[in-house]
Amino acid sequence: MTDHGIFGPGSVTWRVMGEPILLVGGLRALLMQGLHPRAMRGVLQNSALMDSGEAWSRFVRTTEFVRVRTYGTRAEVERAGRRVRKIHATLTAHDPDTGEDFHLDEPDALLWVHIGEVDSYLSVARRSGVRLTDAEADMFVAEQRRAAEVVGLDPAGVPGSVGEMRDYIEAQRPVLRFVPEAAHPLRQSLNAPLPLILTPLRPAVPAITLLAFATLPRWARRLYGLPATPVGDLWATATLRTLHTGIGLVPAQVRYSPAARQARRITAA
């Protein structure tokens, strides 16, 4: 029996995650993560994230992990997950608000990171014009419980529908803020030394970062000290749709990554 990993053909995840516009979703996910004080401090105190070059390198590593988790075999996914779980279990950080030291595998922070990622991919996909019914959107969120398990979360405690996800995010809002010791990611993007793989994107990086900010909920933009109006929402949606439509004119063999092209071939077979 062929090993198609934890999702496979027929999954909403395979249909959605290969879309190039989700580069914006990946950046939005990191911005959502940055509003959880413990999650952000865990990263800040265990990497050179204050250095913009390291921030982009981390984005590339995260993107590769998402690729393996989405399209890799079960053995590949387990290896990647085991590596991430080991890192999270080993590293600690200090919370100056409480005076506590904590491990990076703290479930509350891991769950926020997971939900920020799922919400970001789904929001960007739907606002871009990727066709998803409400039932398919719920299925995408439910499928992502498998992704949560890969990083060490109990899937039974992870929201499994769009409604549950929104309720969770709303319940977390009172504890969210942008910690003062972190460099503002919009400012970082202006002069970021990019990893080699992202060098072709350099002229567009500030605009892509700005777009990622604009796709955040208004309350999240305000936490970053940025304007948050309905006009900004309309601009973000219109820009996402325009980009997605333009990308759609590029031939599929160029538009999609090798892993996404293979997934499309398997699904069509």
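Helix α5 covers residues 74–90, which makes 17 residues, and its first and last C-alpha atoms lie 24 Å apart, close to the 24 Å expected at 1.5 Å a residue. (That expected span is 1.5 Å times one less than the number of residues.) The helices here (H or I, at least four residues) and strands (E, at least two) are DSSP runs, numbered from the N terminus. The structure is a predicted model, where local features need pLDDT of at least 70 and side-chain atom pairs count only at pLDDT 80 or more, while totals for chains, interfaces and linings use all residues. Residues are numbered from 1 along each chain as its sequence is written, and side-chain values use heavy atoms, with hydrogens and water left out.

Buried means under 20% relative accessible area, exposed means over 50%, and partly exposed lies in between (1.4 Å probe, protein chains only). The general rule behind such faces is that an α-helix has 3.6 residues a turn, so residues three or four places apart point the same way.

Now for the hairpin. Strand β1 (residues 92–95) and strand β2 (residues 100–103) run antiparallel and are joined by 4 bridges; two strands pair if DSSP finds at least two bridges between them. D95 has E100 of β2 as its bridge partner, and H94 stands opposite D101. The hairpin has 4 residues between its strands, and G99 takes a positive phi near 80°.

On to the nonpolar core, meaning a set of buried Ala, Val, Leu, Ile, Met, Phe, Trp, Tyr and Cys residues joined through side-chain atoms within 4.5 Å. The largest one has 66 residues, and L22, V24, L122 and F140 touch the most other members. Helix α6 (residues 107–128) gives the most to this core, with 9 residues. In α6, 18 of the 22 residues are buried, so the helix is mostly covered. Its end C-alpha atoms are 31 Å apart, which agrees with the 32 Å that 22 residues should span at 1.5 Å a residue. Just after α6, G129 takes a positive phi of about 110°.

Helix α2 (residues 22–33) is mostly covered too, with 10 of its 12 residues buried; among them are L22, V24, L27 and L31. Leaving out residues up to four places away in sequence, V24 touches V124, I208, L211, A212, T215 and L240, where contact means heavy atoms within 4.5 Å.

Zooming out, the protein has 14 helices and 2 strands, and 50% of its 269 residues count as buried. Among contacts between residues at least 6 apart in sequence, 71% join residues at least 24 apart. At 36% relative accessibility, G163 counts as partly exposed.
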